[in-house]
Amino acid sequence: MSTVDPILDRALKGERLQLEDVIALFESDEIEKMGHVANQLMLRRHPEPITTFVVGRNVNYTNICDTYCRFCAFYRAPGSKEGYVLPDEVILQKIQETVDVGGTEILMQGGTNPDLPFSYYLNLLRKIKARFPQITMHSFSPAEIHKMKEVSNGLSLDEVVRQLHEAGLDSLPGGGAEILDDRTRKKISRLKGSWRDWMDVMTAAHKAGMTTTGTMVIGFGESMEERALHLLRIRDAQDECLRNGYPSRGFLAFIPWTFQPDNTNLKREKATPEEYLKTLAISRIAIDNIDNFQSSWVTMGPEIGKLSLSYGANDFGSTMMEENVVSAAGTTHKVNIELILRLIREAGKIPAQRNTQYQILKVYHGNEQAAKDFVMQN
Ligand code: SF4
């Protein structure tokens with residue numbers, strides 16, 4: 001019997017894993033075993049052979065940023081000739097195009113731009129919601145929210161988040177989590193704040209009634225213990241949300257992926273696809289209080305994306321009509337709905353469009369036999 005067998009057995013029995021268990025899983029290379037257990041745990045929560053996705057668009061409203069993360073190929077420093085802030089009309093046009101193709105979600109993210117006042121965000125959200133009341137604004141990472149607090153003339157974090165929610169912000173993406181441990185954060189993004197700063201924004205969002213997603217990026221030279229701590233810190237924050245009865249379901253999804261070093265100033269070896277699949281499986285096994293785990297197939301490529309649906313993922317993320325941050329780092333997998341449908345079907349699943357709250361809007365039938373075969377095999 002290997003060292004991971006008793007840990008995986010306990011997870012299958014519904015026992016919660018401890019820090020040393022999660023570290024032991026990260027230190028093991030028995031990824032097939034972990035994938036099998038992650039898939040079993042996924043099927044308990046999602047017994048239908050359906051893989052969901054959301055039709056949405058990334059809007060990078062500004063690339064001006066004073067956080068200077070070492071791994072980021074997207075930002076331009078304040079004062080740079082290549083810096084931009086999109087005019088409101090351009091942003092509204094992009095949202096119109098999203099609505100026109102049946103899209104429901106806008107992931108608006110940008111740099112921490114010191115020249116934009118807090119009123120800019122409130123006015124923009126109000127303008128968007130006045131024209132598109134049906135669109136879900138799943139926008140702004142914790143680093144941007146902290147910048148808004150900084151320029152808000154003394155508002156508390158809770159008040160900043162409350163005002164954003166009132167103006168039309170519905171949900172927070174978990175961007176900028178990277179590794180939720182300060183040793184690694186200091187090395188790669190010294191000015192981005194501590195892991196606690198990141199989590200404080202998520203908790204403020206849960207208290208204000210917004211849902212969020214959690215992310216994790218591996219491959220910065222972090223230790224296995226730091227990866228394990230990251231997962232358990234997310235799990236603890238979700239416990240806190242549910243235990244305290246905040247008016248939110250907290251983290252609706254968790255999304256791990258790997259650092260893409262091309263075109264960045266941070267020289268690191270790319271984490272392997274096996275490392276990614278292992279991390280996804282361990283995330284599903286260790287975080288026992290979040291329902292949805294997304295495949296990062298845009299970053300990892302279509303073939304690994306399909307495999308990820310057997311390693312704990314039940315969701316294919318967003319159609320992401322635009323993704324300047326990832327494509328600036330050299331990952332240029334073109335994305336569209338047809339391709340997503342094809343990949344999900346090739347993995348033996350039935351694709352279904354969902355909204356940001358993970359409610360299914362449309363099931364794309366036509367793959368029932370493959371789905372039946374998939375169920376038989378599992
Ligand atoms: S990752 Fe975000 S916060 Fe960091 S430099 Fe890039 S745009 Fe700025």
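At what angle do helix α6 and helix α7 pack, and how far apart are their axes? I looked this up before anything else, keeping in mind that the model is predicted, that local features need pLDDT of at least 70 and side-chain atom pairs pLDDT 80 or more, while totals for chains, interfaces and linings use all residues. I count residues from 1 along each chain as its sequence is written, and the side-chain values use heavy atoms, with hydrogens and water left out.

**Helices around α6**

I find that α6 (residues 142-150) and α7 (residues 157-167) pack at about 105 degrees with their axes 10 Å apart, where helices (H or I, at least four residues) and strands (E, at least two) are DSSP runs numbered from the N terminus, and axes are lines fitted to C-alpha atoms, for helices over the stretch in contact, with angles from 0 to 180 degrees between N-to-C directions. That makes α6 roughly perpendicular to α7; angles of 65 to 115 degrees count as roughly perpendicular, under 35 as roughly parallel, over 145 as roughly antiparallel and the rest as oblique. In this contact (heavy atoms within 4.5 Å), Ile145, His146, Met148 and Lys149 of α6 meet Leu157, Val160, Val161 and Leu164 of α7.

I then turned to α9, whose axis comes within 9 Å of that of α6 and crosses it at roughly 85 degrees, so α6 and α9 are also roughly perpendicular. Here Pro142, Ile145 and His146 of α6 meet Asp197, Trp198, Val201 and Met202 of α9. By class I note five nonpolar residues, one polar and one charged, with Ala, Val, Leu, Ile, Met, Phe, Trp, Tyr, Cys and Pro taken as nonpolar, Asp, Glu, Lys and Arg as charged, and the others, Gly among them, as polar.

**An aromatic pair**

I count 13 aromatic pairs, the rule being that rings of Phe, Tyr and Trp (its six-membered ring) pair if their centres lie within 6.5 Å, with planes under 30 degrees apart counted as stacked, over 60 as edge-to-face and the rest as tilted. The rings of Trp198 and Phe251 have centres 6.4 Å apart and planes at 5 degrees, so this pair is stacked. The pair links distant parts of the chain, since Trp198 sits in α9 (residues 195-208) and Phe251 in strand β7 (residues 251-258), 53 residues apart.

**Two open sheets**

Between β3 (residues 105-108) and β4 I find two bridges in the parallel sense, and Ile106 has Met137 of β4 as its bridge partner.

Notes:
Pairing = 2+ DSSP bridges.
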